Amino acid sequence: MLFDSDPALEPALKFSPLADRMRPHSLEHFFGQSHLLGEGKPLRISLQSGHPHSMILWGPPGVGKTTLARMIAHYAKAQFLAISAVLSGVKEIRQSIEYARQHYQAYQQTTVLFVDEVHRFNKSQQDAFLPYIEDGTFVFVGATTENPSFELNNALLSRTRVYLLKSLTQDELLVLLDRVLKNEEQGLGQKKLFMTPEDKNYLVMSADGDARRLLNLIEIAADLAEIRDGRNILSSELITQVASDRQHRFDKGGDLFYEQLSAFHKSVRGSSADGALYWMSRMIEAGADPLTIARRLLAIASEDIGNADPRAMQVALNAWDAFERLGPAEGNRAIAQAAVYCALAPKSNAVYSAFKNAMSCAKESASLEVPVHLRNAPTKLLKSMGYGEEYRYSHNEAEAFSAGQTYLPPELSGTQFYYPEERGLEIKLKEKLAYLKSLDEKVKKNI
């Protein structure tokens with residue numbers, strides 16, 4: 001547990017990272033999240049009033065979740081108490097609850113309990129907070145990088161409000177960087193740093209929307225700065241060296257992974273070859289398995305292209321096969337080729353919709369019997385019962401089509417699931433379907 005008032009922590013503050021030393025204490029110095037903390041926004045009003053509510057702060061690393069939690073305690077004149085779900089268990093939860101209760105009884109002061117990585121607590125651990133959120137023992141502030149809808153209990157979500165924090169923009173990070181370079185807060189001792197605008201942009205891009213990462217990079221660079229004419233110069237070579245191992249945020253099993261995969265899928269569906277290539281490249285550059293993209297392309301070929309261009313499925317399969325035979329260097333290009341083909345192929349979800357409707361119908365009509373003429377008759381008994389007796393073998397009919405023969409239970413007579421689109425090969429399929437229906441109608445009229 002961490003208490004703001006713990007004197008044992010004071011010596012450690014001298015050696016704390018720049019990101020901690022630069023942590024803002026007021027809304028005026030807080031970077032980003034204007035959608036939540038801009039003038040007139042409810043969360044800003046709540047903070048400034050000193051009457052905060054329990055909440056979940058959801059967002060990527062380095063966007064200010066911990067800082068905002070501390071700021072909530074500051075404006076509410078409350079004790080700040082922090083625990084981490086990575087290091088804590090039921091024992092630490094009980095200790096923090098008891099400490100908050102005793103503190104209120106002794107000083108009549110509210111406690112803001114900050115739980116970092118709250119999604120790592122299991123259901124029973126999350127449930128332990130519920131009674132004390134309700135009775136006001138503390139104001140609960142949970143921080144998570146994962147989607148609360150999937151990772152947190154409904155009971156906890158119902159007692160808190162979820163706020164989505166966004167990655168900082170390049171402009172916001174540039175403002176932060178300029179403040180650090182000018183060293184107005186003396187976070188770097190007496191140093192003022194100088195670098196070119198191009199290197200600033202490179203450093204900001206390397207931070208990838210993460211303020212903490214930016215401050216860590218600049219702190220490392222500051223220790224290696226060259227002194228020229230009495231100035232601390234950060235050269236282009238130094239900046240490149242410090243930021244050379246930059247890793248863009250990407251979680252193979254988390255929200256960011258599925259967001260980018262979704263963007264890729266929607267780009268292909270929307271016939272944007274450029275969008276498909278960009279999101280594919282983003283995922284590969286960040287370490288995604290290219291076969292994940294190949295598998296999604298195969299699904300797209302069936303779901304979004306379908307019979308408008310049946311070749312798309314074979315192209316996607318060939319790309320998958322090429323990757324497994326050639327490896328990433330050449331195989332990635334094969335997947336990119338398939339992505340472009342699928343993006344520009346004619347689109348139809350007619351088969352997808354037809355199958356979905358057929359599944360729904362099958363679920364609702366599971367008790368309907370197979371028509372007698374469609375049943376096989378492998379035994380004399382079944383033949384005597386008329387199984388298959390009126391079935392007409394289509395290959396013996398004109399155009400290999402048994403006009404007028406039905407294939408659905410009588411209760412579903414006339415039901416149609418598949419409606420081809422006026423795109424690609426489905427234009428021809430639609431014409432064929434209409435022609436076969438006309439033959440059926442002729443037989444019905446003659447009957």
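A residue counts as buried when its relative accessible area is under 20%, as exposed when it is over 50%, and as partly exposed in between (1.4 Å probe, protein chains only). The model here is a predicted one, so local features need pLDDT of at least 70 and side-chain atom pairs count only at pLDDT 80 or more, while totals for chains, interfaces and linings use all residues. Residues are numbered from 1 along each chain as its sequence is written, and side-chain values use heavy atoms, with hydrogens and water left out.

Helices are DSSP runs (H or I, at least four residues), numbered from the N terminus. With 16 residues (290-305) at 1.5 Å a residue, H17 should span 22 Å, and its end C-alpha atoms are 21 Å apart, which agrees. That expected span is 1.5 Å times one less than the number of residues. H17 also bends by about 25 degrees at Ala-299, the bend being the angle between axes fitted to the seven residues ending there and the seven starting there. After H17 comes Gly-306, with a positive phi near 55 degrees.

Next up is helix H20. Ala-350, Ala-354 and Cys-361 are the buried residues of H20. They cover an arc of only 30 degrees around the axis, so they sit on the same side of H20; the arc is taken from the directions from the helix axis to the C-beta atoms. An α-helix has 3.6 residues a turn, so residues three or four places apart point the same way. On the other side of H20, Phe-355, Lys-356 and Lys-363 are exposed. Helix H22 (426-446) is part of what covers the buried residues of H20, where contact means heavy atoms within 4.5 Å.

Then there are the salt bridges (a side-chain nitrogen of Lys or Arg within 4 Å of a carboxyl oxygen of Asp or Glu). The whole structure has 19 of them. One joins Glu-28 to Arg-44, at 3.7 Å from N to O. Glu-28 lies in the loop between helices H2 (18-21) and H3 (34-37) and Arg-44 in helix H4 (42-49), so the pair ties together parts 16 residues apart in sequence. Glu-28 is exposed, at 56% relative accessible area, whereas Arg-44 is buried, at 8%. Salt bridges with shared partners join Glu-28, Glu-39 and Arg-44 into one network.

Terms used:
Helix = DSSP H or I, 4+ residues; strand = E, 2+ residues; numbered from the N terminus.
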